[in-house]
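Dear colleague,

I am passing on the structure we spoke about, together with some notes on what turned up in it. Please look it over before reading further.

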Amino acid sequence: MRKLNSFMILLIMVLMASCSNSNTPEAVATKFNIALYKADFEVAKGLCTEDTRKVVDFIAAMVQEKVPEMKKSDIKYKTKDVKLAEDGNSAEVEGIIMGSIDMNTGGVKDSVATKLHMVKLQDKWLVQYKLK
């Protein structure tokens, strides 16, 4: 019985740790970038603000012919830097996408630098596209 209790406590701790790490700027940026570059646009739209969803829809329409290739690509993402705002409600996440499809040649790109602006709305981190 004691082993069962120890096991249950360990399992709960592991589950709590894994859940708490999925709502960070870095984790959301990773999921968003991989989804976007693998043409999983519905997942990407679930990770961004309402206005940014419109941008994702626009991107989806622009790359429609390349979607089958994008879905097969072996996308990797590595975070380079996370800058959290002093108020804790926004962040800038810089990273590198590896293995993405070159839309002009159809080949595979070694790496592409990315920078995302993140906002925290109702305790949830979301990607917010900012026009320059």
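Leaving aside its neighbours within four places in sequence, which residues is Asn33 in contact with? In this model, which is predicted, the contacts of Asn33 are Tyr77, Ile97, Thr114 and Leu116. Asn33 itself lies in helix H2, and because its relative accessible area is 2%, which falls under 20%, it counts as buried.

As for the overall layout, the protein chain has five helices and four strands, and along the sequence these follow the pattern α-α-α-α-α-β-β-β-β. Of its 132 residues, 33% count as buried, while the accessible surface comes to about 9,000 Å², with 57% of that belonging to carbon and sulfur atoms. Among contacts with a separation of 6 or more, 50% are between residues 24 or more positions apart.

The largest nonpolar core has 26 residues, and those with the most contacts inside it are Phe32, Phe41, Val56, Met118 and Val127. Two or more residues are given to this core by each of helices H2 (25–37), H3 (41–45), H4 (50–62) and H5 (67–72), and likewise by strands S2 (90–98), S3 (112–121) and S4 (124–127); H2 gives the most, with five residues. In soluble globular proteins, nonpolar side chains tend to be buried together.

With best wishes

Technical notes: Residues numbered from 1 in each chain as written. Predicted model: local features only at pLDDT ≥ 70, side-chain atom pairs only at ≥ 80, totals over all residues. Heavy atoms only, no water. Core = buried A, V, L, I, M, F, W, Y, C linked by side-chain atoms within 4.5 Å. Buried < 20%, exposed > 50% of the residue type's maximum accessible area, 1.4 Å probe, protein only. Contact = heavy atoms within 4.5 Å. Areas by Shrake-Rupley, 256 points an atom, 1.4 Å probe, with all protein chains shown as cover.
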